[in-house]
Amino acid sequence: MLGNSRTSAVNSTCSLSTETLTCNYVPEEIPDGVLSVTIKDFMLDKDLFVTHDELFQSESWKNVKYLTFKDDQDISSTRFILKDATLINLHQLKMLRIHMNSILIFEPNAFLGLQNVNTLDFTGCTGLHLYRLRKALNGLDKVPNLEHLSLQGVYSYDGLNFDRTFISCLHGKPLKTLDFSKTHIASFEVAFLWTISDLEFINVSRVTFEVSDSYQFANVTPADVHRMGVDISYSTAGSLANPFSSNTFANLKIPFVEDSIPWSLYFALRMLNISGFNVGQPCRLYNIEIWSVHKFKILTNQLIAKRNKLQRLDINLDCDNFDISSIIHFDLSENTLEYLHPSLPNCMTGLEHLDLSVNNLNDMLKENEQLFGQLLNNTERLKYISLASNQLVDLPDDFFEGNKNLVAINLAGNRLTQVHFKLHHLKHLSFIDLSSNNIRILDSMTMKQLDAMRIDLEPNVDNTDNMKMTSRDGYISSIRKVRLKGNPFSCDACETLSSIRWLVSTTITESSPDELTCKGEDDTNISLRDAVVVVEGICERKMKIIVITITSVVGSAICVGAVLMIYIRRRRALKQRRRHDIIELLRQDETRFAVFLSFCNEDDEFVQENVIGPLNDGLQRIVGTERNLNCIGDVEYRTGRYVHDEFLRCIELCTVFLCVVSDNYCNSSYCVQEFDLATQKTKPVILMMKGDVDIGLMTPAMQLLFRNQVRVLWEENNGEYRLKTSWENVCESILDIGSD
């Protein structure tokens, strides 16, 4: 029963789940084995007194380790009053949680006897007044082993006052963590926090700080604060300067003087979370150089600066005088970061965990690939790197060249199509996240790079740190894995077969082949295990098409070749018959001539001495006759007849028209007329060139023959002419061309 609240209440219920008992009243007895008790939704519309006389008397309560009072009802006018020594019989209690909206009143000795309690959690208690809590905690006999105190969401209209009086009540207790998050703090005498000797972590995230003179850091040294971590993320602090209050700086050299910059004390903290400080315009820093007058050393091990709209950090640090090598964990995620000068991460020579996820660093890759490639040059101790969701389409081949201790790489949510950056030298690498990229087909180089992860970890490697690092993302360092889910793998063509087979057979992918899918020919999703058969079918079909096509082409080629061969044979036979008929005609009909010899009068001597005799002799031998086979106009034209008619008569009696071409021939209108008439009669024409002839003197028809047909050439040497070919070849050609 709960004092005078639930004595006569109806529907008093309890439910048991494993080791937890949940009731809407305080039961007299606790079942065996129950370690945790939750009193839920127990407040009515009047004050509730929790007293030692009525509650927690049974021996069965002595084994309870976790006690929770939780009431989400909006009954802010009622009071929850915890009387002196009410919980004194809960000898094993380790955690006391009170979450409610009612007014909380603790009598001065309410927590007396809670020797083993290490956690007090008053999250969401909007009716808790600090002065009442201070009195209940004051004294070494009040929760003497308290390690964790949570006042998250505690509300006060005028703001909470964490002054020296409140902080002093925590002295003498081994307090390790203080949670003041989601509160409104009117005053905070920070300097007195350092007097709590065991304090390791303070959570003041999402806190509204008022302007106050009580933010005093006098007599506080970096050594005093280094043991402590502070989460001040998403807070608004009037007297704590916002380092991102202005949005653009360019071309500045900034000296960092330890005594003049209050932030230097914050950078002595073991852990500092300043996420969400900038809620205004994006911050852009162009060509900023930071240097220290004297050698300055930051002591912070973990620095988190998420969601600060740090769009561009072109900051060049003087690493020799500005020592930030103590930073082990650095988080710049979710900043829309487009540029990060390599000197910032490279000055962190002790860096082991770097989170640059959810930014736009592909813009830097496009702007200056060389500087982007230097981002990790001097971070040899780096074990974990996240570049997830940066729109990256590629990475430089040697991007991880200097990071031989890498254990995990997160590249999820980018636009990578292949993995061509080097991995084989990363002997400690146990996990790489390539999920939700744009990988459709793994090419041979990508498969080679990922296959390098199958190599066992180097012998005698201590995996303790690896396990700590990798456990955050749920993978084990001794088992090498690649996460590939969410990629649009393709299995719609034969070219994807080697990629699909690799994905199915490899042992390093995190997901099984049944969990990964690919897009088939009809744009449907197919599991990779089934895709092998599907793609093999596509390849078989493609091979059949290729075979059929090749067979068809070869068959067609054979048919065409056969037809062409028959045609050539028939044409050759026809030509031979025509040649035979021409020769027989020349033998039998003495009015027929083999060739009409056309030349100009100026070349008569040349023709008489060099052409007529040898030409006629050669033709006679081939034809097998002793009569004249050359037709010359001056000899064969009949006296008294028209020259034009006689030429036409003679040309009809000749098989071939042979003209001796010279400059004189081209200038002779009569010769040109003979040439034109011969071509009009479609007689085969052979050009016999007498020495060098000016092509410009030729008619267009003569030039066309000159350029496209083989000519009979005479060359002149000291007034003597020599035929470049044989007369036998000339005579054979005359009969051959005449039979075409």
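**View 1. Residues F606 and W714 are both buried in this predicted model.** The ring centres of F606 and W714 are 5.3 Å apart and the ring planes meet at 85°, so the pair is classed as edge-to-face. F606 belongs to helix 12 (residues 604-610), whereas W714 belongs to strand 39 (residues 712-717); the pair therefore ties together parts that are 108 residues apart in sequence.

**View 2. F647 and F657 form an edge-to-face aromatic pair.** The distance from centre to centre is 6.3 Å, and the angle between the planes is 85°. The pair links helix 15 (residues 643-652), which contains F647, with strand 37 (residues 654-661), which contains F657; the two residues are 10 residues apart. F647 has a relative accessible area of 2% and is therefore buried, given that buried denotes values under 20%. F657 is likewise counted as buried, because its relative accessibility is 0%.

**View 3. Four phenylalanine residues form one aromatic cluster.** The members of this cluster are F372, F399, F400 and F421. In total, the structure holds 16 aromatic pairs.

**View 4. The charged end of R206 sits over the ring of Y234.** The charged end of R206 is placed 4.2 Å from the centre of the Y234 ring.

**View 5. R711 lies over the face of F706.** In this arrangement, the distance from R711 to the centre of the F706 ring is 4.0 Å.

Notes: Residues are numbered from 1 along each chain as its sequence is written. This is a predicted model: local features need pLDDT of at least 70, side-chain atom pairs count only at pLDDT 80 or more; totals for chains, interfaces and linings use all residues. Side-chain values use heavy atoms; hydrogens and water are left out. Rings of Phe, Tyr and Trp (its six-membered ring) pair if their centres lie within 6.5 Å; planes under 30 degrees apart count as stacked, over 60 as edge-to-face and the rest as tilted. Helices (H or I, at least four residues) and strands (E, at least two) are DSSP runs, numbered from the N terminus. Buried means under 20% relative accessible area, exposed over 50%, partly exposed in between (1.4 Å probe, protein chains only). A charge sits over a ring if NZ of Lys or CZ of Arg is within 6 Å of the ring centre and within 35 degrees of the ring normal.
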